[in-house]
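Please consult the sequence and structure shown here while reading.

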Amino acid sequence: MAANLTPQYLEAEAEYRRAQTAEERLACLRKMLMLVPKHKASEKLQADLKTRIREAREEVEREKKSAKKGGVSYKIPRQGAGQYIILGAPNVGKSRLLTRLTRATPEVAAYPFTTREPHAGMMDWEDVRVQLIDTPPITADFFEGYLQGMIWSADAALLMVDLGDDDGPFAAEAVLQRLVQTRTLLVGQRPDQEEPGAHYTRTLLVANKLDLPGASDRLEIVRELFGSRFAIHAISAEHGTGLEELREAIYRFLNVIRVYTKEPGKPPDLSAPFTCPAGSTVVEMAALVHRDFAEKLKSARIWGTGVFDGQTVKRDHVLHDKDIVELHI
Ligand SMILES: Nc1nc2c(ncn2[C@@H]2O[C@H](COP(=O)(O)OP(=O)(O)OP(=O)(O)O)[C@@H](O)[C@H]2O)c(=O)[nH]1
Ligand SMILES: [Mg+2]
C-alpha cells in the first residue's frame, strides 16, 4: 500500500471493523485519522476518513434524536465474513429468503407489511458465514428511519423484486427513489466519481417468485430497467430455484478472502478461516488476529498461491484466498 500505514493505524482499522455501534465506529475513525501518516500518498485516504467521520457523527446524532422521540433503533452486531441488508417493497419475499438461506424464522405471510422489525440470520457458504438482515418493507410513503443507519453500516445489500406482480419492477424503483431521499444510493459497483455527501451501498438485485405465471416476461422488464445498474439473480425462494447460485454470489460479492492460521510445527486450523478484504497484506491480516500482532509481527510463512510451501514473506506480502499463514512475532 502506497500510503505506508503504521501498525498502530492498522490496529485501529481492525478495531473499526469490530465496532458494533455508531459511537464506537466514530471513536475508531477519529483514531484512524489521527494515526494516518500525513503525506501526499495518503491524501485520498484522509479525505475518505473525514467523510466517514462526518457520516458516523450524523448517525450518532440521529440515534440520539430518535431515542429522545421514543423512536427505535436497532443494533445488530456484525458477525461472520460480512453483513448484508435485505431491502424491498412489501410482500416481495424478503422474510422467505431469510428463512431459506439461514436458520432464522421471521414471520412470512401472504399480505404486505408483515415484517415490523429487523431479523438477522447467518448464511453458510463452504466454510464461511455471512450475516443477512431481513427488514420492514419500503415504499414511496413508508420508510422506517432507523434503516438508513443500518444500510450505511452494512457491507452490501440485496434489493428484492417481485416477479409475480406487474407492479414489481416499479415498486423496486420506488424503493431506490425513497432511499435517494436519505442520500443512500444502491449501486452495482461504486462509481469512480462519488457525489459528495451521498452514501453508496453495493447491491445485488434478487428477482424473486420466478415460479409464478408471467414471471419470465417480467424478468425481461427487470433486466431492461436494472440490468445496466445491478447484477441480477433470478430465484424462487419458495421453491428453492437459484438459491445455491445466489448463496455463492452473496459470498463472492463481499470481495473478501479466507486465510487460515497455523502455529509453528502444528497442522493449520482449517475449521475457522479469518476473512479480510481482497488485497489485504500479512500485517493487515495479523491486526485482525490480535491487536498486538500487527506491531509485533516480524515475518510470516505462507502455504498457498504464488509462493512455495512454507515460504517466508515480509509484512507487506499480499494474501490470496485460502492461503495458510504462520505468523512470527
Ligand atoms: N410463489 C411464490 N411465493 C413466494 C415466493 N417467495 C415468497 N413468496 C410468498 O410471498 C408472500 C410474502 O412473503 P414474505 O417473505 O412475507 O414477504 P416480505 O417481503 O417479507 O413482506 P413484508 O414483510 O410485508 O415486507 C408469502 O406468502 C410468501 O409465501 C416465491 O418465490 N414464490
Ligand atoms: Mg417480511
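## Helix 1 and helix 2

In this predicted model, helix 1 (residues 7-18) and helix 2 cross at roughly 165°, and their axes come within 9 Å. An angle over 145 degrees counts as roughly antiparallel, so helix 1 is roughly antiparallel to helix 2. The crossing of helix 1 with helix 2 is left-handed.

Helix 1 contributes Gln-8, Tyr-9, Ala-12, Glu-13, Glu-15 and Tyr-16 to the contact, while helix 2 contributes Arg-25, Cys-28, Leu-29, Lys-31, Met-32 and Leu-35. By class, seven of the residues in this contact of helix 1 with helix 2 are nonpolar, one is polar and four are charged.

## Helix 2 and helix 3

Helix 2 (residues 22-35) also packs against helix 3 (residues 43-68), at an angle of about 155° and with the axes 9 Å apart. These two helices, helix 2 and helix 3, are therefore roughly antiparallel to each other. Their crossing is left-handed.

On the side of helix 2, the residues in contact include Ala-22, Leu-26, Leu-29 and Leu-33; on the side of helix 3, they include Leu-49, Ile-53, Ala-56 and Val-60. The contact of helix 2 with helix 3 has nine nonpolar, one polar and eight charged residues.

## The surroundings of ligand 1

Which residues are the closest to ligand 1? Among the 24 residues that surround ligand 1, the closest are Gly-93, Ser-95, Thr-115, Pro-137 and Glu-238. Helix 4 (residues 94-101) gives the most to this shell, with three residues. By class, the shell around ligand 1 has 10 nonpolar, nine polar and five charged residues.

How values were computed
Residues numbered from 1 in each chain as written. Chains lettered and ligands numbered in written order. Predicted model: local features only at pLDDT ≥ 70, side-chain atom pairs only at ≥ 80, totals over all residues. Axes fitted to C-alpha atoms, helices over the stretch in contact; angles between N-to-C directions. Helix = DSSP H or I, 4+ residues; strand = E, 2+ residues; numbered from the N terminus. Parallel < 35°, antiparallel > 145°, perpendicular 65-115°, else oblique. Left-handed = near helix turned anticlockwise from the far one by under 90°. Contact = placed C-beta atoms within 7 Å. Nonpolar A, V, L, I, M, F, W, Y, C, P; charged D, E, K, R; others polar. Near = placed C-beta within 6 Å.
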